[in-house]
Every structure is written in C-alpha cells, then in structure tokens.
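Here are my notes on the model you sent. Please read them with the structure open.

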Amino acid sequence: MTSTMQITEIPVPGYERVVKAVDAAAGLHAIIAIHDTTLGPALGGLRMWPYANEQEALTDVLRLSKGMTYKSAVAHTGLGGGKAVILGDPSRKSEALYLAMGRFIDSQGGKYVTAEDVNTSIADLQIVRRATRWVTGLDRKDGGSGNPSPYTAYGVYLGIRAALGQCVGSDEVKGRVVAIQGVGAVGSALARRLVEAGAKVYAADVNHERLQKHAKEIGVIPVQDAEVLSMACDVFAPCALGAVLNDKTIPNLRCKAVAGAANNLLHEPRHGAQLKERGILYAPDYVINAGGIINVGCEYLPGGYDEKESLRRIERIPKALKELWLIAKQQGIPASEAADHLAEQILAEARKTRPARR
Ligand code: NAD
C-alpha cells in the first residue's frame, strides 16, 4: 500500500516529543508521547480507544506517558517513559492499521518502544513488529518476554505482604482477608497466589461469568461489585479501573491498606492525603504494579531477556514500598507524594550526568 501518512509534531512543554500521525488509507489517527528518555528509551503500551476527539486522546497520552517515566524511574528499569494511543473503535481494527502504526513507531528511531495496553493484543503487536523492531512483550517464541500480567501480579502479591507487615506487624498472608476488585489477567493471578498462601480472598468483577469461574477454580469468594469497596478486610486490592479512590469511595473503605494493580488509582492527588487522614496505608500504584514493566525492561539486558534477573528485580518492590512509607512518615506526607518526589529526584540526579536524548 502506498503510504499517505502525515506526521506532525505537537509542541508540549515538559515533554521531549509528541507526534501525531494521520494515514487516511490505513485508517490510522494516532499520537505518540515521548515524555522523558533520560533513563533510557521511552517505553509504554499502545492503547486503542474511541476518544471523543483529539484533545481527549492527547490528554490521556500525556498523562500516561509521564506516569511511565515515574514508574520506570522508581523501579530502576533503565527505561524512560512514553505511550501511544490510536483514536478509533477497537472493534474495527485491521492489519493495515497496525502496519501503519508500526511505520509510525519506526519513524521515531527507537526513542519510543511499544508494548501491550488496553485493546492492543499480542496478535496486534505481532503485526506492528512487521513494520518496526521497537516492540516489546511479544511471546517467548518470538523472542519477547511474554505476557507481563503474571509478573505484575507477583509484584503486587509481594507488595501486599509488605503492606501487611506495616499494618499488622507480620507479612504472613495466612488467615488475612483481601478484597480484590477485578479478577482479570492480573487480579486472577494475584488471587491464586493469595489463596495458595492461605488468605481469605473476596472478589468482585463486572464479568460475572469470569468471577464464577475463578470462584470454582481458585476459591475466591464472590461479592457484589459495590460491596468490594466497603467490606471489612485487611487489604483492598483494586485490579480493575483507575480513579477508584475518590471522594465517594474513601469514606466507606474498611481496610487497613490499599495495595492493588490498577493504574492511576487516586482520582486526584489530594486523595492520597485523604487516605492518610483515614489512617489507611497506601501502596503507590506505579510502585507496586511495576512487575510487568520490570519484566519487559529485562528484554534490554545486555545478554537478552533473563527471567531470573527479572524476578530478582521484582522482589525489590517490597523494599521500595517500605522506603516510601518511611519517607512519608518522616515527612508527614502521603505515600503517593513521597513516590512522586522520589521519581523526580532520581530523574534530576540522572539528568546531571546524562542529559535527555533529544
Ligand atoms: P484485565 O482487563 O485483564 O482485567 C480487568 C478486570 O476488571 C476484568 O475482569 C473486568 O471485567 C474487571 N472490571 C472492570 N470494571 C470493573 C468494575 N467496575 N468492578 C469490578 N471489576 C471490574 O486487565 P489487567 O491486565 O488484569 O489489568 C488490571 C489493572 O491493572 C488495569 O488497571 C491495568 O491498567 C493495571 N495494570 C496491569 C498490568 C499488566 O501487567 N497487565 C501492569 C500494570 C498495571
């Protein structure tokens, strides 16, 4: 197919590069945001979403790419932060669309590296890979690190143990009560680990069929969608949506800690302070859910992907959380704020010796 792709730069202060591509023949309308490459290439998933307009897509991709910079900084993945979004109806995906997206990614010369995200599957990424080498998270047989979800779940499990240690004085899971919202790829793998370790696990999922399946196969105790947000438990583990911690939900929480996989859990930064006021320990989302990006980052090891090294790095998540909780306590600030400060500090230090590749 003859390419009709038009790539234009969108100047955004604080971002290294934001570019938009329109390829009418392939039906592509997409944005790549490269927030920061001080620590390495800007890695972040490719999302497809029926945004109402380009401004909405831009807002989303900017927020997500900055979040990736912070997540990778604190997790020491050796990567920077970026993200890409395709504007469109996910039910109308095509090969031509993903090939065009691959060409768009390739035009950035490796500054942006893509991965799976909402509405982008491994099969879609395999098409993207035909047009660019800057793709991670492909199947092991295709030279990738595979599905990141079990690694994210492992990190969240370790983070929950650390949170228990902080709240109840022991990281022993046996006999503890955990409420999980969303038993999809990450939530179900997390539930399995918790149940196997002897926890009592309650779970809610809008997909009732999936929930029943996991009740049978894993042994989670199903609860209503709304109930999971206000039930008495040791740990509430949100593994579904963002913005779950808000003015409406926080007053009703009856947990000692919130520690889950979902991104952007705080509706607004001030909700971190609201949790603190309620005496609820918070495991900052991008710190506890970094297992997947840590695993993907291990594709960049000098000798290639190494699972043992990946697990070793994921096992540092509890230490990172404990350090943040300590800083938060010493400075009297919410843990979410302590995480942002730490990410900014790591980036500032790195910039002194390694200016961002522009
Ligand atoms: P998924 O789509 O496989 O699972 C999400 C589950 O949540 C689904 O079963 C869905 O039915 C359920 N759900 C949606 N809305 C709900 C609601 N209102 N109440 C209860 N359940 C609801 O996604 P995933 O890959 O498991 O990721 C879960 C979360 O973790 C997402 O927010 C994702 O951004 C984040 N995350 C995932 C990874 C990863 O490696 N997959 C890494 C970091 C962060």
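1. A191 is buried, with a relative accessible area of 0%. Buried means under 20% relative accessible area, exposed over 50%, and partly exposed in between, using a 1.4 Å probe and protein chains only. A191 belongs to helix 5. A191 and A153 sit 38 residues apart in sequence, yet their C-alpha atoms are 8.7 Å apart in space.

2. A word on the basis. This is a predicted model, where local features need pLDDT of at least 70, side-chain atom pairs count only at pLDDT 80 or more, and totals for chains, interfaces and linings use all residues. Residues are numbered from 1 along each chain as its sequence is written, and side-chain values use heavy atoms, leaving out hydrogens and water. Helices (H or I, at least four residues) and strands (E, at least two) are DSSP runs, numbered from the N terminus.

3. Next, the ligand. Which residues come nearest to the ligand? They are T152, A185, V186, D205 and R210, out of 22 residues around it. A residue is near a molecule or strand if one of its heavy atoms lies within 4 Å of it. By class, this shell has 11 nonpolar, eight polar and three charged residues. Here Ala, Val, Leu, Ile, Met, Phe, Trp, Tyr, Cys and Pro count as nonpolar, Asp, Glu, Lys and Arg as charged, and the others, Gly among them, as polar. Helix 4 (149–168) and helix 5 (185–196) each supply at least two residues of the shell.

4. Look at the polar atoms around the ligand. An N or O atom in the side chain of R210 is 2.5 Å from a ligand oxygen atom. A polar side-chain atom of S149 lies 3.2 Å from a nitrogen atom of the ligand. From A261, a backbone N or O atom lies 3.3 Å from a ligand oxygen atom. Taken alone, the ligand exposes 820 Å², and the protein buries 73% of that. Areas come from the Shrake-Rupley method with a 1.4 Å probe; for residues, only the protein chains shown count as cover.

5. Six strands form an open sheet in the order 10-9-8-11-12-13, with parallel pairing. Strand 10 (221–222) and strand 13 (281–282) stand at the edges with a single partner strand each, so one side of each has no neighbour in the sheet. Two strands pair if DSSP finds at least two bridges between them.

6. Strand 11 (residues 232–238) is mostly covered, with six of its seven residues buried. Strand 8 (residues 177–181) pairs with strand 11 in the parallel sense over four bridges. V178 has V235 as its bridge partner in strand 11. I180 stands opposite A237 in strand 11. Strand 12 (residues 254–258) runs parallel to strand 11 and is joined to it by four bridges. There, A232 stands opposite R254.

7. Two further places to check. Helix 2 (residues 95–106) has 12 residues and reaches 16 Å from first C-alpha to last, close to the 16 Å expected at 1.5 Å a residue. The expected span is 1.5 Å times one less than the number of residues. Among its buried residues are L97, Y98 and F104. D36 lies in strand 3 (residues 28–36). D36 counts as buried because its relative accessibility is 5%. The side chains of D36 and T38 make a polar contact (2.5 Å). Such a contact is a pair of N or O atoms within 3.5 Å; within protein, one must be able to donate a hydrogen and the other to accept it, and residues adjacent in sequence count only if both atoms are side-chain atoms.
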